[in-house]
Amino acid sequence: MEQRRNSGASAEKTSARQSGVSVSAPPLVFPDDLYSLVRDSSRVVLARVCLVASAAGSTDVVVQHLEAVLASCARRGKFTGLQLVSKPACLLVIEGRSEEVFAVLAQLHHNEATARSTFPFSCMRVISTCDDVPARVFRSFVEQQVALPKEPNFQLPEGDITSQLFDTHAKLLQVGQSLSEGKGLDDVKGKLPSNERVQAFAKHPDVLDLSDFHELFGCPIESQSIFDDVWPMQQLIEDLQV
C-alpha cells in the first residue's frame, strides 16, 4: 500500500511533464548549514493533495463541512485548487503550504473518527499527494456544484489501478493549468473524471482512506534503537556477575 501511495505522489512531476503543465520554478538556494535552513521561516514548502469521496449528506452540508475545514486550516497562507460536488461524487484538489494541506487531511480524519454520525461522506480516499510541489498549478480556489461526465458502464480493472490514478492525477493538473489560463469549467469538462470513476476510487480498498493515510504519514515515527535494550549497562553487568 505504501508503494502505491509513493507511486501516486512521485508521479507529480512526471505527470506534469507528460501533460504539458509547466512546473518551472527558480532553483533552490540552500544556506551553508542545516540550522540556518530550519530557522529560515521565509521558505515556503508547497504541497498538493487530491481527494475523492462519496457524499452521504446533502450538497449544502458537504459544502459547508469542507468550507469550515479549509477555513480552520488556512492560517498563514491561502489554498488554491478545485472543489467539485456532483452528488454523490465529490472531488477535491488542494494546494497550499505543506503544513496546512496536511492539517486539512488531519482534520478530516479527526472529523471522520470522532463524529461519524455528522461526517457528510460515506467514504473518502486520497488518490495522490505530494509535499514538494515546485509551484502552484491552480491560480485560485474554484468551488462549484457541477454535473460530472458520465461513464455508465465504467469499472476499475482487476489488480493494480496505479495507471488509473496516474491518469486522473495528470488530467487534474491539466484542468488546473487551463483554469489558470482563464478557461472555464465548461471548457475542461472532457478532462474531469466521471461521477462513476470518482465513486469507484472512493470505494476501492487499494486507495488510501483517511485512516490509512494518517497511520502511515500523519503519526510521528516511533523508532527504537538496539542501544535502548542494553543501556544503562548496570543491570547487564549484574546479570553477568551472577
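Between two axes, angles under 35 degrees count as roughly parallel, over 145 as roughly antiparallel, 65 to 115 as roughly perpendicular and the rest as oblique. The structure described here is a predicted model, in which local features need pLDDT of at least 70 and side-chain atom pairs count only at pLDDT 80 or more, while totals for chains, interfaces and linings use all residues. Residues are numbered from 1 along each chain as its sequence is written, and side-chain values use heavy atoms, with hydrogens and water left out.

**Helix packing**

- Helix H4 (residues 98-114) and helix H7 (residues 210-217) have axes that come within 9 Å and cross at roughly 125 degrees, and the two helices are therefore oblique to each other.
- The contact (heavy atoms within 4.5 Å) brings Phe102, Leu105, Leu108, His109 and Glu112 of H4 against Leu210, Ser211, Phe213 and His214 of H7.
- The residues of this contact between H4 and H7 divide into five nonpolar, three polar and one charged, where Asp, Glu, Lys and Arg count as charged, Ala, Val, Leu, Ile, Met, Phe, Trp, Tyr, Cys and Pro as nonpolar, and the others, Gly among them, as polar.

**Cis peptide bond**

- Lys87 and Pro88 are joined by a cis peptide bond, with omega at about 10 degrees.
- Pro88 lies in the loop between strand S2 (80-86) and strand S3 (89-97), strands being DSSP runs of E with at least two residues and helices runs of H or I with at least four.

**Cysteines**

- A search of the whole structure for disulfides (pairs of cysteine sulfur atoms within 2.5 Å) finds zero.
- Cys50 counts as buried because its relative accessibility is 2%, buried meaning under 20% relative accessible area with a 1.4 Å probe and protein chains only.
- Cys90, at 3% relative accessibility, also counts as buried.

Key
Axes are lines fitted to C-alpha atoms, for helices over the stretch in contact, and angles run from 0 to 180 degrees between N-to-C directions. Buried means under 20% relative accessible area, exposed over 50%, partly exposed in between (1.4 Å probe, protein chains only).
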